Amino acid sequence: MNLTARNVSKEFPRKTGSSNCFTALQPLDLTLEAGKLTIVTGRSGSGKSTLLNLFGGLLKPTAGTILAGDTDLYALSDRELSVFRNSHIGMIPQGQTAIYSLTVLENVLLPLRLYGKPEQQDENRARSLLERLDIAALADCCPSELSGGELRRMAIARALLPQPEILLADEPTADLDEENTEIVFRLMKQTAGEGCAVMLVTHETCAKAYADELYTMQNGKLAGGIKK
Amino acid sequence: MNLAYRNCKGKPVRTTILILLTALLSLAVCGGTLLVSGLQKGLGSLEARLGADIMVVPYEAKTKSNLESIVLQGNPGYFYMDKSRFEKIAGLDGIGQISAQFYLASTSSGCCSIPVQIIGFDPATDFTVTPWLKRSFTGNLEDGDIIVGNDLNAFPGDTLTFYGIDCHVAAKLDKTGTYYDSAVFTNIGTIQKLIRSSLDRGMNDFSRIDPEKVVSAVLINAAEGYSPEEVMNDINIHVKKVKAVQTKEMISGISSSLKGTSDVIGVLIGAVWFLGLIILLLAYSISVGGRKREFAVLRMIGASQGKLASVIMQEAMLCGILGALAGTGISLLGMMTFRTAIGEAIGLPFLLPDALQTALLALFSLAAVLLTGTAAAAFSAYRISRIDTALILRGDNG
Amino acid sequence: MKKPTITDMILLILSLALCIGVKLVFHACGMKDDGSYMTCHWAEQAVFAVSTGLAVTAVFRLFLDRKSKAGAALAMSTTAAVTALIPGVCIRLCMMETMRCHAVMRPAVIILCVLLAVTGIVDFVLCRKED
């Protein structure tokens, strides 16, 4: 499934300053193609996370449309959009994103539990994802017992478990060492290879080696689009 | 795995505090409601038990204080006046129903470690005791038979001994919440025998009386066309050495103090309920506010606004049901078992409502507390369902 | 000794409260003027004796393994339920219900025993669940 942004822009109201609104994202057109890993880099505050949240259906654009396949995300009702996100979009946001009353395995299985009941094969897949991310031994631990890097990998496993058609990752390797960073990038690349449209926002320079398309964000403007 | 249940289980301190708060709230609401209705029922019962417009007692009884101590507080006591006064009163205008009563207090010996009030009445003319007795006893009260109040630990078929005379318990009264509960009732023949025996044993303060020529009190209902006040004044003017009082006036003191007590309890219930609502509102607000990020994560993985709200509402229902059940249960258990001690402590007629009414009151307070808890949580649920997920999940480099 | 659970502590506190309380706080009616006791005194003595046993069991439980603890909790629960019946049912109390043994002792004993019985069952279920 492709994710297409048409003339999408985002402005935030601002109480102070000369203007009463702040443009976080200049109008842009962008397509995340299925089977490709798109990498967006840029300085802090350049609008990368805003773009990611717009694509994830979490932030309504000021103008323009975002289509996932043929579905206009922001024309859906809250419930329809939520169900759509649950079944088609995987997200890895910044920071710690664990539900602390659940174990690591339960956290990973949570997306499947929201609107259904995971089966044994889902649990097997969750365990194999944890294995690949080198945290299989922590499956039954509480998130409070995990380090920052381990929590991050748990969030990656959770986003990948429902086999999303679109994967949006915001600094997924922020707390990871070099070895684990490599593992995660390889996993992203593999996910794209399986037909998923993957967008990765990162600071890591080594990520460029994995990119199918590479963009740079500056002051809300998207530049680049280098195809490799 | 239910997320709401796991959230409650995962944070035992938070959950315990919420359950305790709800339990305290329902304890206050259920206990207070039962207390107020118990007082109201007690007063109603007392009014019904008095059953006469006017009560005439010998002047020496110092009327109000002595009389109220017997009739309202159930303290055993006795006083007598010459029977001729009864006949004189009966001859006055405006007397509708009239019946005499005889009082005696048992000594601490025999059945009971504390004195018991013995009340003799004339079944032929009585109109105050009999209607109540009929509920538990339909037979004829033979000589030597007694009917015991509900607080006495004696049962039909038992024998109680007063002043050396064996009395056969014919029936036990239902609970009234008034002086009836600790009294013993019998007919004129029996009480005259008992008075005689108390005199013979030198255990009666009135040593020079003839039991057959005295009465203790005269109960009167005014005839149609006469007001009780007129009749009372008439008696006070025309019959010497007696004091007539209107029973309505007698219980006016008690009913106003009862109203005062009920009002205070009512205000307290209201205050506790309001305070409980505010505290629960804050508690849920803090509990949910501290987990904003978790709720944003749920939103990110596809939970709708409704789903998010339902997680919070389920948590609130879980804590609410447990707390309300515990609080209501404890207050029911406490009120039922300590009802006598509570009545004694308040010093007012106290009669708990019957089982059905009590169950309804308990259900009502359970529902009220549950509603309060969920209303408090609903506010947090509404707020959290509208959180700006993107803002919460955003870092500072975007 | 494993760290005591909250139900272990509640069982211990409740049985101690029953055992000490029935003698010092919610005791039965006092001695008569002639120095003799009324029947309620013997109900008080019986409750004291049984509750002392309950308190000792509650202490011993702390040193037992999980299975034995579950058994002891169940035993405490049934004993507490029966203890509630001592005043008024097994041993008659005084004549007037307004007297201390009826108004104070019996309700307090019933409430503590009901709480003990319920906590005992909860503890039993929790012990079994852990297995």
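Student: Start with strand E4 of chain B, residues 117-121. How many of its residues are buried?
Tutor: This is a predicted model, to be clear. In E4(B), 5 of its 5 residues are buried, so the strand counts as mostly covered.
Student: Which residues sit on which side of E4(B)?
Tutor: B:Gln117, B:Ile119 and B:Phe121 are on one side. B:Ile118 and B:Gly120 are on the other. Both faces are covered.
Student: What does E4(B) pair with in the antiparallel sense?
Tutor: Strand E3 of chain B, residues 95-105. The two pair over 5 bridges. One bridge joins B:Ala105 to B:Gln117.
Student: And in the parallel sense, which strand pairs with E4(B)?
Tutor: That is E8(B), residues 183-187, again with 5 bridges. There B:Gly120 stands opposite B:Thr186.
Student: Switching to helices. At what angle do H2(B) and H10(B) pack?
Tutor: About 40°, with the axes 7 Å apart. H2(B) covers residues 12-50 and H10(B) covers residues 305-337. That angle makes H2(B) oblique to H10(B).
Student: Is that crossing left-handed or right-handed?
Tutor: H2(B) and H10(B) cross in the right-handed sense. Their contact has 17 nonpolar and 10 polar residues, and no charged ones.
Student: What about H2(B) against H8(B), what's the angle there?
Tutor: About 165°, with the axes 10 Å apart. H8(B) spans residues 247-289.
Student: Why are H2(B) and H8(B) called roughly antiparallel?
Tutor: Angles over 145 degrees count as roughly antiparallel. H2(B) and H8(B) pack at about 165°, so they fall in that class.
Student: Left-handed or right-handed for H2(B) and H8(B)?
Tutor: H2(B) passes H8(B) in a left-handed crossing. The residues of this contact divide into 22 nonpolar, 10 polar and 2 charged.
Student: On to the interfaces. Which pair of chains has the most contacts?
Tutor: Chains A and B, among the 2 pairs that touch.
Student: How far apart are the closest C-alpha atoms of chains A and C?
Tutor: They lie 16 Å apart, and no contact joins the two chains.
Student: How many residues take part between chains A and B?
Tutor: 24 residues of chain B are in contact with 29 residues of chain A. On the chain B side, H1 (3-10), H9 (292-300), H10 and H13 (389-393) each supply at least two residues.
Student: Which of them gives the most?
Tutor: H1(B), with 4 residues. By class, the side of chain B that touches chain A has 7 nonpolar, 10 polar and 7 charged residues.
Student: And how many residues are in the contact of chain B with chain C?
Tutor: That contact takes 16 residues from chain B and 18 from chain C. H10 and H11 (339-346) of chain B each give at least two residues to the chain B side. The residues on that side are 8 nonpolar, 6 polar and 2 charged.
Student: Now chain A. What's the strand order in the open sheet of 4 strands?
Tutor: E2-E1-E4-E5, with antiparallel pairing.
Student: Why do E2(A) and E5(A) each have one side without a neighbour in the sheet?
Tutor: Both stand at the edges. E2 (21-32) and E5 (71-72) each have a single partner strand, so one side of each is left without a neighbour in the sheet.
Student: How many bridges join E4(A) to E5(A)?
Tutor: 2 bridges, and the strands run antiparallel. E4(A) covers residues 63-68. A:Ala68 stands opposite A:Thr71.
Student: Which helix lies across E1, E2 and E4 of chain A?
Tutor: H1(A), residues 48-55. H1(A) runs at about 120° to E1(A), which covers 3-13.
Student: Last one, A:Thr41. Is A:Thr41 buried or exposed?
Tutor: Buried. The cut-off is 20 or more other C-beta atoms within 10 Å. A:Thr41 has 21 C-beta neighbours inside 10 Å, so it counts as buried. A:Thr41 is in strand E3 of chain A, residues 37-42.
Student: What does A:Thr41 touch, leaving out residues up to four places away in sequence?
Tutor: A:Thr202, A:His203 and A:Thr216.

How values were computed:
Residues are numbered from 1 along each chain as its sequence is written. Chains are lettered from A and ligands numbered from 1 in the order in which they are written. This is a predicted model: local features need pLDDT of at least 70, side-chain atom pairs count only at pLDDT 80 or more; totals for chains, interfaces and linings use all residues. Two residues are in contact if their C-beta atoms, placed from the backbone, lie within 7 Å. Axes are lines fitted to C-alpha atoms, for helices over the stretch in contact, and angles run from 0 to 180 degrees between N-to-C directions. Angles under 35 degrees count as roughly parallel, over 145 as roughly antiparallel, 65 to 115 as roughly perpendicular and the rest as oblique. A crossing is left-handed if the near helix is turned anticlockwise from the far one by less than a right angle, and right-handed if clockwise. Ala, Val, Leu, Ile, Met, Phe, Trp, Tyr, Cys and Pro count as nonpolar, Asp, Glu, Lys and Arg as charged, and the others, Gly among them, as polar. A residue is buried if 20 or more other C-beta atoms lie within 10 Å of its own, exposed if 12 or fewer, and partly exposed in between; C-beta atoms are placed from the backbone. Two strands pair if DSSP finds at least two bridges between them.
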